[in-house]
Amino acid sequence: MDTIWTGRITGALFLSAFLLYGGGSAIANTAAGQALMLANCVAVVVIGVLAVRALPRWAARTALVYLLARVAEGGLLALGVVFLLRDDASANDTAYAVAMLALGLGSLPFCRALGRWCAVPAWLARWGVLGYAALAVGSALAMAGGPASLLWTIPGGLFELILGVRLLVTGFPRSAHTPGWSSGVWRTAPAGSEAAGT
């Protein structure tokens, strides 16, 4: 499978995750809702697997970090469903917060790599970095006993929606461009350097 189709499938999975987890959460006390939430767990792990296949070689470590973050997210969300089956909503909330912390931290280098690869415009990659950073901060605050606010999730959620639509239309680039943001921000080593991927 070439990178264009890999990207399109990835985009479809980004978009489906909203429907699967959002729809499942709305009816989380039913078997159908829990099945949708588990399907989301599979979708987010597959996103990580496809990213490993698509990202250029100079971003190999970034791809691995992103895959591990997505596997952690999927596993923790699945654990949350188990807690729901046991009527332990508090434990599910904790599992969700830890999953979002893993996703937020693991997605930071991924967004940087997307921008330097020219897979997305620089402004969108920066938005992703800021959105996932906000998600990680909000999740850490929730884990520390602070208020769990949806406001922390909005920037990252909007990024994933836009990224999903873009990838669905364009896919990933067929060849890696020279790393370096067009504005010069975060411009680093030339393509071929593994240090440039993280």
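Q: What does Thr6 touch, leaving out residues up to four places away in sequence?
A: Keep in mind that this is a predicted model. Thr6 touches Met1, Leu50, Ala54 and Phe172. Thr6 itself is found in helix H1, residues 3-26.

Q: Why is Thr6 called buried?
A: Buried means under 20% relative accessible area. Thr6 has a value of 1%, so Thr6 gets the label buried.

Q: What makes Ser90 exposed?
A: The cut-off for exposed is over 50%. Ser90 has a relative accessible area of 52%, so Ser90 counts as exposed. You'll find Ser90 in helix H4, residues 89-116.

Q: How far apart are Ser90 and Gly80 in space, C-alpha to C-alpha?
A: They're 9.4 Å apart, and ten residues apart in sequence.

Q: How do you know that H5 and H6 meet, and which residues do it?
A: Contact means heavy atoms within 4.5 Å. Leu124, Trp127, Gly128, Gly131 and Tyr132 in H5 meet a set of H6 residues that includes Pro155, Phe159 and Arg166.

Q: At what angle do the axes of H5 and H6 cross, and with which hand?
A: The axes of H5 (residues 122-143) and H6 (residues 154-170) come within 8 Å and cross at roughly 145°. The crossing is left-handed.

Key:
Residues are numbered from 1 along each chain as its sequence is written. This is a predicted model: local features need pLDDT of at least 70, side-chain atom pairs count only at pLDDT 80 or more; totals for chains, interfaces and linings use all residues. Side-chain values use heavy atoms; hydrogens and water are left out. Axes are lines fitted to C-alpha atoms, for helices over the stretch in contact, and angles run from 0 to 180 degrees between N-to-C directions. Helices (H or I, at least four residues) and strands (E, at least two) are DSSP runs, numbered from the N terminus. A crossing is left-handed if the near helix is turned anticlockwise from the far one by less than a right angle, and right-handed if clockwise. Buried means under 20% relative accessible area, exposed over 50%, partly exposed in between (1.4 Å probe, protein chains only).
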